[in-house]
Amino acid sequence: LIAMGDVHGDYDAAISALKLAGAIDDNLRWIGGDLTIVQTGDQLDRGDQERAILDLFERIADEAHEAGGAFYSLLGNHESMNVELDLRYVTPGGFVDFADIPYDANDPLISGYPEEQRGRVAAFRPGGPYAEILAGHNVVMVVDDTVFIHGGLLPSHVTYGLEKLNQDVQAFFMGNLTFPRVMEGSDSPVWSRHFSDETDVDDCTLLDQVLDAVSASRMVVGHTVQRPGITSACDGKVWRIDVGMAAYYEGIISVLEVVGDEIRILQ
């Protein structure tokens, strides 16, 4: 079981991390066999190669499934922002990359954006082709005894229901539901930094409550860049795997390996 953090539009970093994990070969084909990889979100923004990353992740997910393994990319705050059409972190290249997505120029939502942005809006608006791709992904997953989420899972999210959380966000991405309120604010599952930034005793108590509620031993989160690499807190019950591997952050390439109760940092 491998956990892989934020890649933010850096295709080369994504490939390097997948190779480090033993998931793909030089031809970018799945060689991981029954390996399971969970990428904790933020494929989008801050870099120019987002489309290549999304397309690669979809392909290797299919190849992994056929080989008896699994590749899951979760939804981070930047995937959510793009489907909400909050485009403040999109690079100029990020608009060019989706310029060929067809759209109705008479659509009032589309026409309200500058022409160079309209292809991306068409791609990621709720019900758009890339929003529909992202709708196939989860916000939170429990694999074996590890919880994976971009920001952090709080007791209120457990009460809301993990399956309901995933389903409601997916329905929004498909254009079938308004944006779920549980995803708003600094305590959102994709925005929370309780377990990744200045984590204190109270945060660790929250973490224990969550882990007990979902019968897990640990949580793995992204979202907050760790220096110089992957860190842990709360006596190893949370692992923070956003190492800023994208060029924007000039971090390192590193992933987390979980084998039973043994955890190892690969870099």
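Two strands count as paired if DSSP finds at least two bridges between them, and the strands themselves are DSSP runs (E, at least two residues), numbered from the N terminus, as are the helices (H or I, at least four). Before you start selecting, note that this is a predicted model, in which local features need pLDDT of at least 70, side-chain atom pairs count only at pLDDT 80 or more, and totals for chains, interfaces and linings use all residues. Residues are numbered from 1 along each chain as its sequence is written, and side-chain values use heavy atoms, with hydrogens and water left out.

**Stop 1: the sheet with β4 and β5**

Select β4 (140-143) and β5 (residues 146-149): they pair in the antiparallel sense over 4 bridges. Look for T146 in β5, the bridge partner of V143. Now widen the selection to the open sheet of 5 strands, with order β4-β5-β6-β8-β7 and mixed pairing. Its edge strands, β4 and β7 (231-233), each pair on one side only. From one strand to the next, the twist averages 20°; axes here are lines fitted to C-alpha atoms (for helices, over the stretch in contact), and angles run from 0 to 180 degrees between N-to-C directions.

Contact means heavy atoms within 4.5 Å.

**Stop 2: the disulfide**

Show the side chains of C204 and C234, which a disulfide joins, S to S 2.0 Å. The criterion is a pair of cysteine sulfur atoms within 2.5 Å, and by this rule the count comes to 1 disulfide. C204 sits in helix α10 and C234 in the loop between β7 and β8, 30 residues apart, linking distant parts of the chain. The torsion about the S-S bond is about -85°, so the disulfide is left-handed.

**Stop 3: the nonpolar cores**

A nonpolar core is a set of buried Ala, Val, Leu, Ile, Met, Phe, Trp, Tyr and Cys residues joined through side-chain atoms within 4.5 Å. Centre on L153 and M219: of the 46 residues in the largest core, these touch the most other members. Elements that each supply at least two residues of this core include α6 (118-124), α7 (129-134) and α9 (162-173). Not counting residues up to four places away in sequence, M219 touches several residues, among them V147, L153, F195 and W239. A second, separate core of 38 residues includes M4, V7, V220 and I230.

**Stop 4: the other sheet and its helices**

Select the open sheet of 5 strands with the order β3-β2-β1-β9-β10, again with mixed pairing. β3 (70-73) and β10 (262-266) are its edge strands. Strand β9 (residues 255-259) pairs with β10 in the antiparallel sense over 5 bridges, and E262 in β10 is the bridge partner of V259.

Zoom in on T36, in strand β2 (residues 36-39). Is T36 buried or exposed? T36 is buried, with a relative accessible area of 18%.

Finally, bring in the helices. Helix α1 (residues 11-20) lies across β1 (2-4), β2, β3, β9 and β10, running at about 165° to β1. α2 lies across β1, β2 and β3, at about 150° to β3. Among the buried residues of α2 are I53, L56, F57 and I60.

Methods: Buried means under 20% relative accessible area, exposed over 50%, partly exposed in between (1.4 Å probe, protein chains only).
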